[in-house]
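Colleague: I am new to this structure and should be grateful for a guided introduction. May I put some questions to you?

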Amino acid sequence: MKRILFFLSAVILLAACAPKDPDREALEPYAKEHMENPDSYQFASMSMPRNHTYMEDLITYKVGIEGLREKAADKAPYDAELEKIDDLLFEVGKEVACYDRTLYFWFQSETGTKFQDFVIGRFSADGRLLEATKDSESLTTYPALQMLKDQGRL
């Protein structure tokens, strides 16, 4: 019995000393701001990160530019854009531009009914929260491309 109690104590101690998830800490205030009864907030889980790489978005963009180039009379502007894309694929292709994580939580309505909800966060590659939302449709479809455009690289 002592061994079981010792083992159980060790597990509890390890769980208590586990580092906090910084993504969770960044999303919880947003979740509490956008819920009916913030005092009833209960953490449920965090999704695994969904990485957005430059390569995925650049290849999609490249295929689109190639399609436009085939139909164009003047191919020079498209050739210049394709050259930029190839340079960027070589330079940053395998890097992660950002990632998405979803925070799932429970809360009680004013009537006492328990509901589950979620918040999606988009984070920079270094873990800084870029945006949080409860509507997945509001997130940019090609975030890595948007980041390159914002930087003036495309």
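This is a predicted model: local features need pLDDT of at least 70, side-chain atom pairs count only at pLDDT 80 or more; totals for chains, interfaces and linings use all residues.

Colleague: How far apart are the end C-alpha atoms of helix 3, and what span should its 18 residues have?

Modeller: Helix 3 comprises residues 54-71. At 1.5 Å a residue, its 18 residues should span 26 Å, and the distance between its end C-alpha atoms agrees with this: 26 Å.

Colleague: Which residues of helix 3 are buried, and around what arc do they lie?

Modeller: The buried residues, each under 20% relative accessible area, are Y54, D57, L58, Y61 and I65. They are on the same side of helix 3, because the arc they cover around the axis is only 90°.

Colleague: Which exposed residues does the opposite face of helix 3 carry?

Modeller: Exposed residues have over 50% relative accessible area. On the face of helix 3 turned away from the buried side, they are V63, E70 and K71.

Colleague: Which strands do the buried residues of helix 2 pack against?

Modeller: In helix 2, residues 22-33, the buried residues are D23, L27, E28 and A31. They fall within an arc of 125° seen down the axis, so they line one face of the helix. These residues pack against strand 1, strand 3, strand 4 and strand 5.

Colleague: Which residue takes a positive phi in the hairpin of strand 4 and strand 5?

Modeller: Strand 4 and strand 5 pair in the antiparallel sense over four bridges, with F123 opposite L129. Four residues lie between the strands, and the one with a positive phi, near 95°, is G127.

Notes
Residues are numbered from 1 along each chain as its sequence is written. Side-chain values use heavy atoms; hydrogens and water are left out. Two strands pair if DSSP finds at least two bridges between them. Helices (H or I, at least four residues) and strands (E, at least two) are DSSP runs, numbered from the N terminus. The expected span of a helix is 1.5 Å times one less than its number of residues. Buried means under 20% relative accessible area, exposed over 50%, partly exposed in between (1.4 Å probe, protein chains only). The arc is that of the directions from the helix axis to the C-beta atoms. Contact means heavy atoms within 4.5 Å.
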